[in-house]
Amino acid sequence: MTTQQVETGKTVRFRILRQDNPKGASRWEEFEVPYRPGMNVISALMYIRQHPVTADGKPTTPVTWDMNCLEEVCGACSMVINGRPRQSCSALVDQLEHPIRLEPMKTFPVVRDLQVDRSRMFNALKKVKAWIPIDGSYDLGEGPRMPERKRQWAYELSKCMTCGVCFEACPNVSEKSSFIGPAPLSQVRLFNTHPTGAMNKDERLDAIMGEGGLANCGNSQNCVAACPKGIPLTTSIASLNRATTVHMFRKFFGSDHMVD
Ligand code: SF4
Ligand code: FES
């Protein structure tokens, strides 16, 4: 504790939903953390990890969570803070209602405490081939040039940090549904628009026309409202609806659709 904290004696109360393992029962625990001006939720969690004692003085186990970049870029530290899924590294204690409630995202299986398994999202990205296959065995030189306006547009979609918040916000993503979720759909639009990525456009469209694909979107629009990066998810989904319709007709009529 710093001199300033000792002097002010001010503390912040946290209520944390804890779970010891994936199959364990969950329980709430409360912690009292010394206040520091400008502190974020992760700095409070770090204090709790170093001082694993509940607010009523009972020793407990250190709380676990995921984090990496600490600057809202990697998406690893997502959790539900006061009922809203968001990144704990950019959640400032001064801007939150107290006591501060921390829960793991419910869409993903809990590993332990606030740490969840986001494999569902990464598997969906694999399913839609959200990458550009290139031969890395020799120097390919510069990639194809893109018009500046298109590059700027693509940059907005490329800001997805696979944080999982749009999955948590979407009513159609659940353990009972195979929906691949909003973020992977938007990545299909990004890679299909890239000059090199377009080579695999048809495979990506086929992937989202199958089970768990576009048809599972209920258009609730929650995803776009929740995305911390402001990614136009619903615009991407609408655009993919058009693209898959055209793709379906071309396949049906057997047109030579590989030349456009
Ligand atoms: S689209 Fe937005 S909310 Fe969804 S995973 Fe990417 S950054 Fe997170
Ligand atoms: S630690 Fe990377 S987004 Fe929070």
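Biologist: Which residues does Phe179 touch, not counting residues up to four places away in sequence?

Modeller: Please note that this model is predicted. Phe179 touches Arg120, Cys170, Asn172, Val173, Leu185, Gly212, Gly213, Asn216 and Cys217. Phe179 itself lies in the loop between H5 and H6.

Biologist: Is Phe179 buried or exposed?

Modeller: A residue counts as buried under 20% relative accessible area and as exposed over 50%. Phe179 has a relative accessible area of 2%, so Phe179 is buried.

Biologist: Where is Phe252 found, and is Phe252 buried or exposed?

Modeller: Phe252 is found in helix H9. Its relative accessible area is 67%, so Phe252 is exposed. Phe252 also belongs to a nonpolar patch on the surface, formed with Met209, Met248, Phe249 and Phe253. Together these residues have about 580 Å² of accessible area. Helix H9, residues 233-253, gives the most to the patch, with four residues.

Biologist: Which residues of helix H3 are buried, and why are they on the same side of H3?

Modeller: An α-helix has 3.6 residues a turn, so residues three or four places apart point the same way. In H3, which spans residues 119-127, Met121, Ala124 and Leu125 are buried. They cover an arc of only 100 degrees around the axis, and therefore lie on the same side of H3.

Biologist: Which helices do the buried residues of H3 pack against?

Modeller: They pack against helix H5 (165-169) and helix H6 (182-193). After H3 comes Lys129, which has a positive phi, near 55 degrees.

Key:
Residues numbered from 1 in each chain as written. Chains lettered and ligands numbered in written order. Predicted model: local features only at pLDDT ≥ 70, side-chain atom pairs only at ≥ 80, totals over all residues. Heavy atoms only, no water. Buried < 20%, exposed > 50% of the residue type's maximum accessible area, 1.4 Å probe, protein only. Helix = DSSP H or I, 4+ residues; strand = E, 2+ residues; numbered from the N terminus. Arc of directions from axis to C-beta. Contact = heavy atoms within 4.5 Å. Patch = residues over 30% accessible without salt bridge, like charges linked within 9 Å, V, L, I, M, F, W, Y side chains within 5 Å. Areas by Shrake-Rupley, 256 points an atom, 1.4 Å probe, with all protein chains shown as cover. Salt bridge = Lys/Arg side-chain N within 4 Å of Asp/Glu carboxyl O.
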